[in-house]
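This briefing goes through a protein model by topic. The sequence and structure come first.

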Amino acid sequence: MRQRMLKYTPEHMHCHATFYGPLAPPNTTFIATQGATATKTSSFRIVATGVVLGLDKTVDVVKKLKLTGTPYKIFKNTAFLKGMFSSILEVSKFEGAMIKTVSGIRGQIKRALSAPAGAFRASFEDKIQISDIVFLRCWVSVEVPRFYAPVINLLSKDKAWSGMRTVGELRRERGEMIPVKQDSIYKEIERRAKVFRPLAVSKSLQKELPFKTKPKVENKRKKQLYTTKRAVVSEPGERRLTSLMQQLLTAQKESDKKKLEKKKKEKEKYLAEQAKVDAKKGARAKEQRKVFYQKNAKKDKAAQED
C-alpha cells in the first residue's frame, strides 16, 4: 500500500504514521513524547497518541515531486527540452514517462541528448510553443529509518536513563538558529502575460469564405483623404437651421429632466404613505394575535381545571 508523505500533520485530523519498532498486535494503543527522561521530566511534551493498525515491513512511503523544464528547439511534434534533469542517467530513469505543458498538451520522454547535460528529446500530441513550460509529475520513495532502542529501566531508581538529545535541544544549548533552505521558501510565482499573434487569414481562403465571415478590416491609409482634410463652411440658412435644432434639443432635455424630478418626488411621497399604511396594518395584526392567544390560553386553562 502506497502512503503519501505529508510535510505537516493535519490540524484536528487523523493521519497515518509509519515507524520502525518492536512487534505489537493491532489495536495496541501508544503515546509519543518528546523530552521525557528519567532525570528531566519538567519540559516533556506529548507529541502524538494513536493505535497500531497493522504490521507491514514492505510499506511504501512516497512524496510528490514536480519537475519543470523548457523547450529550446521545436520541430513539428517533437521538441528538445532542458532544465528538468541534470544528467543523462536521470533522463534514462524517466524514459517513457508522461509529461505535460501548462497549456495542456501531453507528451512523452523519448531519449537523452549528449549536450547539454540533462537535455532530452520528447514527442507531443501537438506542436508546442517556445514559451511553454513542461512539467513532470512523479513520486519519490522515502526510506523509513530502521532503528529503535527498547528501554526497560525507565522507571528504575537505581539507574537513571537518559535518551539521545534531540536536534532542537542541541541547537538551544549551542545557541544556533535553524538553517533555512532558500529553495524551500515559498515564493510568489510571476509569469508574463502571454501575447498571442493576431489571426491571419490568407487571401486565397478569404475568397472562398462567405461574405458574412470575411474579415471587414480596412487597411490603414498613409495619407488622409480629401474629405477628412477639407474645412466645412455652412451657408447662412444651414447655420440658422443648425442653431434651431440645438435650441429644440436643449428644450427637450430640460423638459425630460423636470419630468424625472417630478416622478421621483411622487414616488417618494407614495412610499412614505405606504409605510404608514403598513405600520397601521402591523399594529392591528399584532393586537389581533394578542387577543387570539389570550382566548386560547383561557380555553386551555379551563380544560385543564375540568
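M245 counts as partly exposed because its relative accessibility is 45%; buried means under 20% relative accessible area, exposed over 50%, and partly exposed in between (1.4 Å probe, protein chains only). The model is predicted: local features need pLDDT of at least 70, side-chain atom pairs count only at pLDDT 80 or more, and totals for chains, interfaces and linings use all residues. Residues are numbered from 1 along each chain as its sequence is written, and side-chain values use heavy atoms, with hydrogens and water left out.

**Confidence**
- The protein has a mean pLDDT (the predictor's confidence in each residue, from 0 to 100) of 86, and 94% of its residues reach 70 or more.
- Confidence is lowest in helix α4 (residues 226-229), at a mean of 74, and highest in strand β8 (residues 120-124), at 94.
- Helices (H or I, at least four residues) and strands (E, at least two) are DSSP runs, numbered from the N terminus.

**Around M245**
- M245 lies in helix α5 (residues 236-305).

**Strand pairing**
- Strands β4 (residues 60-74) and β9 (residues 134-141) run antiparallel and are joined by 8 bridges; two strands pair if DSSP finds at least two bridges between them.
- In this pairing, V62 is opposite S141 of β9.
- Strand β6 (residues 98-101) also pairs with β9 in the antiparallel sense, over 2 bridges, and K100 is opposite F135 of β9.

**Around Q3**
- Q3 is in strand β1 (residues 2-4) and counts as buried, because its relative accessibility is 19%.
- Leaving aside neighbours within four places in sequence, Q3 is in contact (heavy atoms within 4.5 Å) with H16, V59, D60, V61 and V62.
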